[in-house]
Amino acid sequence: KGGIPLGVTLAFLISSPLVDAVTVAMFFGMFGLRITLIYVISGIILSMIAGFILSKMKLESLLTDWVKELLKNKQVADEDHDEKRLSFFQRIPAIIREAAGIVQGVSMYILIGIAVGGLMHGFIPTGFFEAYISKDNPFAVPIAVTLGIPMYSNTAGILPIMQVLVEKGIPLGTVIAFSMAVVGLSVPEGLLLKIIMTTKMLMIFFAVVTVCIIISGYLFNLIM
């Protein structure tokens, strides 16, 4: 609604869970400065590249009718606006109404997503991953990303698992790719994004980000 291009918006959507203050602090504490810098830089570059690719695909027509209606109403409101600038305190009632409407619209999807992710996260033991994403498997990175997508966790929840996997001898690039898939590209996230994206757009978004994460994982393994 603010007029930010879709590609830029999607780049923000990808980067915000991957490279946040909590992630950087915990990464530094667990893996040191060098690996933290590599992770942060790669996360930013990955988000920029994926956002650029998605922007070139011109996906605006694949937004849901709900979003299109919001944009239409915003355009009408702008045309009818009398140019009077409201102060921050004058805007608070409208801010509260809009926030309440957004929460009401997405709350069911958030609850479903957390439930799905919690079940996947709780029923798949760490040893399961060790059996399929070892350093001897050339397809370990795409397998790790595929396994990570159905799960759900924030950065604070996934980093201890990453540390255990690294200690078990899983290549760091494979572990980071798995982490990126869990945090930034999950089924619960897909359920939430379904509110604003049609199925076709959601599949394109997931495919582009998945490919970028897999490439990032292989590059990490080469660098490290």
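Which residues does Ser 216 touch, leaving out residues up to four places away in sequence? I opened my notebook with that one, and I kept in mind that this is a predicted model.

**Entry 1: Ser 216**

I found Ser 216 in helix H11. Not counting residues up to four places away in sequence, Ser 216 touches Ser 42, Leu 46 and Met 180. I then looked up how covered Ser 216 is: its relative accessible area is 9%. Buried means under 20%, so Ser 216 counts as buried.

**Entry 2: the whole chain**

Next I stepped back to the fold. I counted 11 helices and 0 strands in the chain. Read from the N terminus, the elements go α-α-α-α-α-α-α-α-α-α-α. The chain has 224 residues, and 37% of them count as buried. I also checked the contacts with a separation of 6 or more: 82% of these are between residues 24 or more positions apart. For the surface, I noted about 12800 Å² of accessible area, with 70% of that belonging to carbon and sulfur atoms.

**Entry 3: helix H1**

Helix H1 covers residues 6-18, which is 13 residues. From its first C-alpha to its last, H1 reaches 19 Å, close to the 18 Å expected at 1.5 Å a residue.

Which residues of H1 are buried? I listed Leu 6, Gly 7, Leu 10, Ala 11, Ile 14 and Leu 18. Looking down the axis of H1, I saw that these buried residues fall within an arc of 140°, so they line one face of the helix. The spacing makes sense to me: an α-helix has 3.6 residues a turn, so residues three or four places apart point the same way.

What do the buried residues of H1 pack against? My note reads: helix H2 (21-31), H3, helix H9 (172-184) and helix H11 (199-223). H11 is also the helix where I found Ser 216.

**Entry 4: a nonpolar patch**

Last, I went over the surface. I found a nonpolar patch formed by Phe 28, Leu 33, Leu 37, Ile 41, Ile 45, Ile 49, Phe 52, Ile 53 and Met 57. Together these residues have about 840 Å² of accessible area.

Which helix gives the most to the nonpolar patch? It is helix H3 (residues 33-56), with 7 residues.

Is Ile 45 buried or partly exposed? Its relative accessible area is 42%, so I wrote it down as partly exposed.

Technical notes:
Residues numbered from 1 in each chain as written. Predicted model: local features only at pLDDT ≥ 70, side-chain atom pairs only at ≥ 80, totals over all residues. Heavy atoms only, no water. Patch = residues over 30% accessible without salt bridge, like charges linked within 9 Å, V, L, I, M, F, W, Y side chains within 5 Å. Areas by Shrake-Rupley, 256 points an atom, 1.4 Å probe, with all protein chains shown as cover. Salt bridge = Lys/Arg side-chain N within 4 Å of Asp/Glu carboxyl O. Helix = DSSP H or I, 4+ residues; strand = E, 2+ residues; numbered from the N terminus. Buried < 20%, exposed > 50% of the residue type's maximum accessible area, 1.4 Å probe, protein only. Expected span 1.5 Å × (residues − 1). Arc of directions from axis to C-beta. Contact = heavy atoms within 4.5 Å.
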